[in-house]
Amino acid sequence: MSHRDTLRALTAARPNSLDPTTPPADPMTIMSYPQEETVSRTARRPVGRLVLAVGLPAVALAVTGAILLNNASGTVPAVTQQPTGAPAASASAEPPTDAGGVLLAAALVSETVAASDGDYWVLHSEHGEGSRRSQDQMWLAAVEGLPSSAYMRRADGSWAPRPMQGHTAANNFLLAGMPRSVRELAALPTDPAQLKRELLRWHDVNDGEAESAQEFLFYAGLGLVIDLPVSPRVRGAAYRMLAELPGVTSLGRVTDQRGRTGVAIAVTRQGDFTKAQTRLIVDPQSGKALGSETWVRGRLSSWMVLLDARWADAPLPDASTLS
């Protein structure tokens with residue numbers, strides 16, 4: 001089945017009830033290196049914030065350095081918890097592996113998940129760069145006045161709290177290079193074309209070092225589908241927007257750093273001296289983004305795997321109660 005056929009089939013199967021009619025509820029509410037498909041454009045020089053954002057969750061940037069330094073041993077205990085989300089589709093149907101088909105399939109599943117909310121957006125993830133690796137949980141306040149905290153996993157499996165000074169509900173979440181509140185994220189359009197237009201309003205075309213509009217949209221879309229607290233319908237719109245971007249290719253089935261199977265969706269850009277590739281690993285059957293990876297000169301440079309993303313209520317947990 002061609003990419004175009006896959007898109008037509010999946011679009012036809014989409015229930016009319018999922019067409020956006022009302023705004024989302026207020027929540028106050030990527031180990032193989034397979035051959036990539038042809039990239040249809042040459043990406044422009046990335047700016048500093050893209051280098052930071054590639055292998056890490058958008059909300060993790062402020063504490064990543066501390067997390068890596070606090071686990072010099074490089075030992076991370078095994079975690080059996082899988083990402084939560086919609087039930088996997090029937091194994092009898094072969095999932096798509098082309099980029100558009102994978103992203104559209106993920107959108108269809110994502111849009112069926114019930115919306116939820118809470119006082120804290122909780123991200124449990126594992127990161128690696130070179131020989132270093134670490135694991136953390138971040139409890140990010142979504143309500144003004146509540147403190148935020150990161151918890152780093154020690155080599156013995158216990159957790160150590162690290163208060164996130166200056167992190168509030170107003171600046172905990174980065175999208176398009178700027179902090180956004182939960183209310184701002186909740187107000188994002190659920191139609192992919194409208195979402196694209198809204199995001200492009202934040203693209204600084206006057207910045208000589210800024211990435212192209214397509215790169216900008218790709219990285220913004222990564223944040224929306226991986227780790228930002230947006231509604232299922234906004235996440236679905238982000239998947240659909242990514243499916244329409246030029247230069248987005250599929251590398252086929254891969255396994256992430258936790259051994260989970262997904263499909264790698266990639267964008268390759270030409271830097272000053274070499275090419276670099278950003279991969280989004282998606283499970284099209286569950287609609288979940290499993291994580292992201294950065295590859296340079298055919299070698300894995302950095303990575304992030306998302307182990308859990310969920311809402312929780314106050315108060316912040318004691319580190320001894322975390323699993």
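## Terms and model

Two strands pair if DSSP finds at least two bridges between them. Strands (E, at least two residues) and helices (H or I, at least four) are DSSP runs, numbered from the N terminus.

This is a predicted model: local features need pLDDT of at least 70, side-chain atom pairs count only at pLDDT 80 or more, and totals for chains, interfaces and linings use all residues. Residues are numbered from 1 along each chain as its sequence is written, and side-chain values use heavy atoms, with hydrogens and water left out.

Strand β10 spans residues 288–296. Eight of its nine residues are buried (under 20% relative accessible area, 1.4 Å probe, protein chains only).

Strand β9 (residues 275–283) runs antiparallel to β10, with eight bridges joining them. R279 has E293 of β10 as its bridge partner. Four residues lie between these strands in their hairpin, where G287 takes a positive phi near 75 degrees.

Strand β11 (residues 299–312) is also antiparallel to β10, through six bridges. Here V305 in β11 stands opposite G291. The hairpin of β10 and β11 has two residues between the strands, and R297 takes a positive phi near 55 degrees.

## Nonpolar cores

A nonpolar core is a set of buried Ala, Val, Leu, Ile, Met, Phe, Trp, Tyr and Cys residues joined through side-chain atoms within 4.5 Å. The largest has 51 residues; L175, L199, L224 and L280 touch the most other members. Helix α7 (residues 213–226) supplies the largest share of this core, nine residues.

A second, separate core has nine residues, among them Y120, V122, W139 and L322.

Technical notes:
Buried < 20%, exposed > 50% of the residue type's maximum accessible area, 1.4 Å probe, protein only.
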